[in-house]
Amino acid sequence: MRLHTAPDHRVTGAVATAIAEAGGIVTAIDVAESSHTRLVLDVTCSAGDADHAKELEAAVDAVEGVEVYKVSDRTFLLHIGGKIEVASKVPLRNRDDLSMAYTPGVGRVSMAIAENPDDVRRLTIKGNSVAVVTDGSAVLGLGNIGPGAALPVMEGKAALFKRFADIDAWPICLASQDTDEIVKAVEMIAPGFGGINLEDIAAPRCFEIERRLRASLDIPVFHDDQHGTAIVVLAALTNALRVVEKSLTSVRVVVSGAGAAGTAIVTLLLAAGVPDVVVVDRVGCLVPGLEGLSGAQEQLAGVTNPRGVTGDLHDALAADGGADVFIGVSAPGILDPEWIPDMAERAVVFALANPDPEVDPAEAGKYAAVVASGRSDYPNQINNVLAFPGVFRGLLDARATEITIDMLLRAAAAIAHVVRDDELNPSFIIPSVFHPDVPKAVAAAIRG
């Protein structure tokens, strides 16, 4: 906080006291400017979260003789000027360097590619580049906030690609939410990239966009909100079932949420051999012919719910002796923790809605044998960073033109197997995103 205060140095003590009484921790108070009429103080302090930061600001502003002039936090400071940049991989020290990196020497390289188009991956950045494409319609849990507001998220995604897989990714934020325009735009930029990562595009539009791009492009197209989530969920579930001594081929699973992530999770679970999946959405348990189903929901209903379970989420969890697994990719607070005892013995609960899960993980832990969430402040975080860097590393290395279900299954198995038997327990079913073996294992699995 930058403060304008009365020219009394005792005010620094009053400010520090106000922050401490409001639960903050002062780390520095600096006098940035001093005159006969006022002091300008820069105060650095720690808050528990964004709401607590506002409480600290209000506490300081209430100190007599103090005006809070400006407030910033370390997250905003980190984003100033953006988080990524372009850097040259070759020296440009003199005219000779310039003549090879650019004209006239670059012309020879261009002609070589024109004569042999397959060389474009070897002689350009294409072989190690990914476009991170969004229309800003479903950004994190923030909703339809548009392409400009989505840019910080796409920058972060690009930074993760570089950090975990040494892939050069670039954010492409499109000023359209028209399916035809998005498909055309991606098709037009595709020659410069080795892969397309679709990101934060709302369902059901995302399904058609991915389907059409996969059909028209000769590079892999991967919607991370769908397939990245599904890979990590399957990996975590594989290990959770090891903990509770059950198998994928015998469990009953209830999935809450029939959007992009839920659909992809169900598809991968079925491919992995899960025999009984019931999907629950706003309309209740999906069954063929249910009034109010969208086309995508009708398709899901056609391949799930073999027992014909009807009713709401509680009904789905409790039916016929209870479900073994709950996977939520829907909305906060929809799972009452007291419903979990109605599930099968040693139940597994994945509450993945962000930032607020379907059930408080601590409350769920009172009844479930294994609990996972999308949050970093609880054990067993389901994080897509475990999947997408290694997936694209493998795709680019293999010069793949498509992504198959078999690749996704192998990637999930690779992540699961990073957790050794001696490490596995109810609070550790998935490796850390910083585990160095994860992207390497996933890339190797994708390459086959």
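**Ground rules**

I remind myself that this is a predicted model, where local features need pLDDT of at least 70 and side-chain atom pairs count only at pLDDT 80 or more, while totals for chains, interfaces and linings use all residues. Residues are numbered from 1 along each chain as its sequence is written, and side-chain values use heavy atoms, with hydrogens and water left out.

**Entry: the whole protein**

I looked up the extent, and the C-alpha atoms fill a box of roughly 80 × 70 × 45 Å, taken along the principal axes. Of the 448 residues, 46% count as buried; buried means under 20% relative accessible area, exposed over 50%, and partly exposed in between (1.4 Å probe, protein chains only). I then turned to contacts, meaning heavy atoms within 4.5 Å. Among those between residues at least 6 apart in sequence, 66% join residues at least 24 apart.

**Entry: strand S1 and its partners**

I started at Arg 2, in strand S1 (residues 2-5). S1 pairs with strand S4 (residues 66-70) in the antiparallel sense over four bridges; two strands pair if DSSP finds at least two bridges between them. Arg 2 has Lys 70 as its bridge partner in S4. S1 is also joined by four bridges to strand S3 (residues 39-46), again running antiparallel, and there Arg 2 stands opposite Asp 42.

Is Asp 97 buried or exposed? I found Asp 97 in helix H4 (residues 95-101), and it counts as buried because its relative accessible area is 9%. Leaving aside neighbours within four places in sequence, Asp 97 is in contact with Pro 91 and Leu 92.

**Entry: a six-stranded sheet**

Next I traced an open sheet of six strands with mixed pairing, in the order S11-S10-S9-S12-S13-S14. Strand S11 (284-285) and strand S14 (370-373) stand at the edges with a single partner strand each, so one side of each lacks a neighbour in the sheet. Strand S13 (residues 348-351) runs parallel to S14, joined by four bridges, and Ala 351 has Ser 373 of S14 as its bridge partner. Helix H11 (residues 260-271) packs on this sheet and touches strands S9 (252-256), S10 (276-281) and S12 (325-328). The direction of H11 makes about 165° with that of S9; axes are lines fitted to C-alpha atoms, for helices over the stretch in contact, and angles run from 0 to 180 degrees between N-to-C directions.

**Entry: two helices against H16**

How far apart are the axes of H10 and H16? I noted 8 Å, with helix H10 (residues 224-244) and helix H16 (residues 405-418) packing at an angle of about 50°. That makes H10 oblique to H16; under 35 degrees counts as roughly parallel, over 145 as roughly antiparallel, 65 to 115 as roughly perpendicular and the rest as oblique. The contact residues include Ile 231 and Leu 234 of H10 and Ala 412 and Ile 415 of H16.

I checked H11 too: its axis and that of H16 come within 10 Å and cross at roughly 85°, which makes H11 roughly perpendicular to H16. Here Thr 267, Leu 268 and Ala 271 of H11 meet Ile 405, Leu 408 and Leu 409 of H16.
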